[in-house]
Amino acid sequence: MSDVSVRLATVDDRPVVERLWLMFQHDMSEFGGRLPFPDGSFRRERLEAAFAGAGWAPYLLTSGDSPVGFALVRGLDGPTRVLNSFFVVRGARRAGVGARAVEQVVARHPGRWEVAFQDANAGAVRFWRRVAEGIAGGAWTEERRPVPDRPELPPDVWISFFTGP
């Protein structure tokens, strides 16, 4: 699988993105120690904001007719865009789908970008460094920042770069 399409998710896409969100939260629970709520769901404030918040945009990633992931972007009404949540299903990983999807999302919103990930997530570390290099060449930075309201967790790694004319 090598093709990927990125489009703004609509209200009709929301149920699909919500199911992908559960997979994303399941994957991320390995690194943050968060467990599902008693009903099997996870926290979803960012998902809610992406569909209703000012300055947010939810994107659905597809390959053919199949949904393969999502990207939630915030900060579109400010100086820095943040790729707040990004997910590609396991069956589509390591085929270049994620990198091409990020390139498409970033191209829609030129400017300063940031993305966070965890050092413990070795796949994310490799992926985001490779994507930043592919998009910005050597013109990207990396820093560690404390996780807000979670002092027990190691700091997040933040990559920053600029795109645009």
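Two rings of Phe, Tyr or Trp (for Trp, its six-membered ring) make a pair if their centres lie within 6.5 Å; planes under 30 degrees apart count as stacked, over 60 as edge-to-face and the rest as tilted. With that in hand, let's look around. This is a predicted model, where local features need pLDDT of at least 70 and side-chain atom pairs count only at pLDDT 80 or more, while totals for chains, interfaces and linings use all residues. Residues are numbered from 1 along each chain as its sequence is written, and side-chain values use heavy atoms, leaving out hydrogens and water.

Start with the aromatics. The structure has four aromatic pairs. Take Phe86 and Phe127: their ring centres sit 5.9 Å apart with planes at 15 degrees, so this pair is stacked. It also ties together distant parts of the chain, since Phe86 belongs to strand β4 (residues 80-88) and Phe127 to helix α4 (residues 122-136), 41 residues apart. Helices here are DSSP runs of H or I with at least four residues, strands are runs of E with at least two, and both are numbered from the N terminus.

Now stay with Phe127 and turn to Trp128. Their ring centres are 4.7 Å apart and their planes are at 80 degrees, so this pair is edge-to-face.

Phe86 and Phe127 are both buried. Phe127 has a relative accessible area of 16%, so it counts as buried, and Trp128, at 8%, is buried too.

For a contrast, find Arg94 in the loop between β4 and α3 (97-108). Arg94 has a relative accessible area of 77%, so it is exposed. Arg94 and Phe127 are 33 residues apart in sequence, and their C-alpha atoms are 9.3 Å apart in space.

Finally, follow β4 back to its neighbours. Two strands pair if DSSP finds at least two bridges between them. β3 and β4 are antiparallel and share six bridges; one of the links has Phe70 partnered with Phe87 in β4. The hairpin of β3 and β4 has five residues between the strands, and Gly75 there takes a positive phi near 85 degrees.

Strand β3 (residues 66-74) is also joined to strand β2 (residues 57-63), again antiparallel, by seven bridges. Here Pro58 has Leu72 in β3 as its bridge partner. In this hairpin, with two residues between the strands, Gly64 has a positive phi near 65 degrees.

Technical notes: Buried means under 20% relative accessible area, exposed over 50%, partly exposed in between (1.4 Å probe, protein chains only).
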